Amino acid sequence: MRELEERILKDGRVLPGEVLKVDGFLNHQVDPDLMFAMGTEFAHLFQDAGVTKILTVESSGIAPAVMAGLAMHVPVVFARKHKSVTLIDDLYTAEVYSYTKKTSNHISIAKKFLQADDQVLLIDDFLANGQAVQGMFEICDKAHVKIAGVGIVIEKVFQTGHQLIADRGVRLESLAQITSFDGDRVHFASED
């Protein structure tokens, strides 16, 4: 998605440890026009996948997932990372390690929001080592739902997440694929 790549080049910052900071438009301040364009693109990419629900993890996956849900006219469910007094039982849970925060979180979804006949599209902001997607896979397995695919806003193809999804035989669509960082420069697969 050229518009996203241009925005990454304009407003993204490469930090030590192969971390890309995109807090000006994706995961702190959100650009709703860009989110809508990304949601529309996900809807186009997965239009024939029979998606009945979209699943993401709070918090940075919510904006692109909601826009995809709007474009596809399906509900969006997000796994919570934080305990809530209203979310206490009948839960699907998984443990997820955050590459950028260097911490583990237990994510939870109320069982009533995933049914065995659902075709679930997983959406997340980044794919690096695939831990968030792995946690969502685990929840989907526990709920016995079908995974229609994985939609990623920004994928670092040089890390292990892509292979994790390929090993599951699940379709992966990424809107921007980063092949490397060279100093403070981002290189995309579309350049090759």
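Which residues in H1 meet which residues in H2? In this predicted model, where residues are numbered from 1 along each chain as its sequence is written, local features need pLDDT of at least 70, side-chain atom pairs count only at pLDDT 80 or more, and totals for chains, interfaces and linings use all residues. Side-chain values use heavy atoms, with hydrogens and water left out.

Glu 3, Leu 4 and Arg 7 of H1 meet Leu 34, Ala 37 and Met 38 of H2, contact being heavy atoms within 4.5 Å. These residues divide into 4 nonpolar, no polar and 2 charged; Ala, Val, Leu, Ile, Met, Phe, Trp, Tyr, Cys and Pro count as nonpolar, Asp, Glu, Lys and Arg as charged, and the others, Gly among them, as polar. Helix H1 spans residues 2-11 and helix H2 residues 32-45, and their axes lie 10 Å apart at an angle of about 145 degrees. Axes are lines fitted to C-alpha atoms, for helices over the stretch in contact, with angles from 0 to 180 degrees between N-to-C directions. Helices (H or I, at least four residues) and strands (E, at least two) are DSSP runs, numbered from the N terminus.

An unreviewed UniProt entry places the feature "binding site" at Leu 20, Asn 27 and Lys 156; such annotations may be inferred rather than shown by experiment. Leu 20 is in strand S2 (residues 19-21) and is buried, with a relative accessible area of 5%; buried means under 20%, exposed over 50% and partly exposed in between (1.4 Å probe, protein chains only). Among the residues that Leu 20 touches is Lys 156. Lys 156 lies in strand S8 (residues 146-156) and is buried at 3% relative accessibility.

How values were computed:
Lists of a residue's contacts leave out its neighbours within four places in sequence.
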